[in-house]
Structures are given as structure tokens and as C-alpha cells.
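Hi,

Here is the structure I promised to pass on. Have a look, and my notes on the side-chain packing follow below.

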Amino acid sequence: MFGITLNQGDVRIGIFNRQEFPNGKQFKGAIIDGSKNKSSKTLELTSGDYAIAVFQDTNYNKVLDKNFFGIPKEKYGFSGSDVFGEPTFDEAKITVNGSQTILIRID
């Protein structure tokens, strides 16, 4: 991941393997402790299609905070293509097949 501000909240990762992306039940989740000065996480997944949602939880409340208009107030990003707004599962889908590195930019 790049674009995060180190030591300013945890980075929360949601991995989805079906159409509930990005607001439904995640397949697997992970947290990068913001106090550890780290911006990467290694996860093991079986081969298949996944979509990933990431956000920096600066106030540690476990949700992506949004303003009155529904615009996120915390940094966030998705796997797959750079789409304005919230992508569909197909737009964010990545295919995992063996060991690989996935970079996700959060803004």
C-alpha cells in the first residue's frame, strides 16, 4: 500500500470473494497497526478472484468515516482499476494464482 500516513491510525483491509464487495461480509480481514510504522501486510489466499477494500482508520472507530454528503473523510482505496467512487466487484477484481504482490494506493 502506498499513500498512507504512518503513525496515524490503523489500516484496515477487507478481502472479498463474491459480490458483497465492498459493503457486505468480507471473506478475510486484516489490520496493520498504525503505531508500528509499517505499510504492508502478507496474507495467504487460495487461488481465485478477490476484491480488496482498504482504509486508514485515523480515529480507531473501525468504520470509514464519511461527511454529510457521503464522501469519505479518511483515506481509502481498492484493488483493481482506478475508478472514481466505489467500484463494483468486477472493477476491483484481482486474480490470485500463487505468490504475488498487490499494491493499493489510498487517497
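Ile13, Ile52 and Val54 touch the most other members of the largest nonpolar core, which has 13 residues. By such a core I mean buried Ala, Val, Leu, Ile, Met, Phe, Trp, Tyr and Cys residues joined through side-chain atoms within 4.5 Å; buried is under 20% relative accessible area, exposed over 50%, partly exposed in between (1.4 Å probe, protein chains only). At least two residues of this core come from each of β1, β2, β3 (48-57) and β5 (94-96); strands are DSSP runs of E, at least two residues, numbered from the N terminus. Another core, of seven residues, lies apart from it and includes Phe21, Ala51, Ala53 and Phe89.

Bear in mind that this is a predicted model: local features need pLDDT of at least 70, side-chain atom pairs 80 or more, while totals for chains, interfaces and linings use all residues. Numbering runs from 1 along each chain as its sequence is written, and side-chain values use heavy atoms, without hydrogens or water.

Now the rings. There are five aromatic pairs (Phe, Tyr or Trp ring centres within 6.5 Å, six-membered ring for Trp; planes under 30 degrees apart are stacked, over 60 edge-to-face, the rest tilted). Phe21 and Phe78 sit 5.7 Å apart, centre to centre, with planes at 75°, so they are edge-to-face. Phe21 is in the loop between β1 (10-16) and β2 (28-32) and Phe78 in strand β4 (residues 76-78), so this pair ties together parts 57 residues apart in sequence. Both are buried. Tyr76 and Phe78 are edge-to-face too, with centres 5.8 Å apart and planes at 70°. Tyr76 is partly exposed at 25%. Phe16, Phe21, Tyr76 and Phe78 form one aromatic cluster.

Cheers

Methods:
Helix = DSSP H or I, 4+ residues; strand = E, 2+ residues; numbered from the N terminus.
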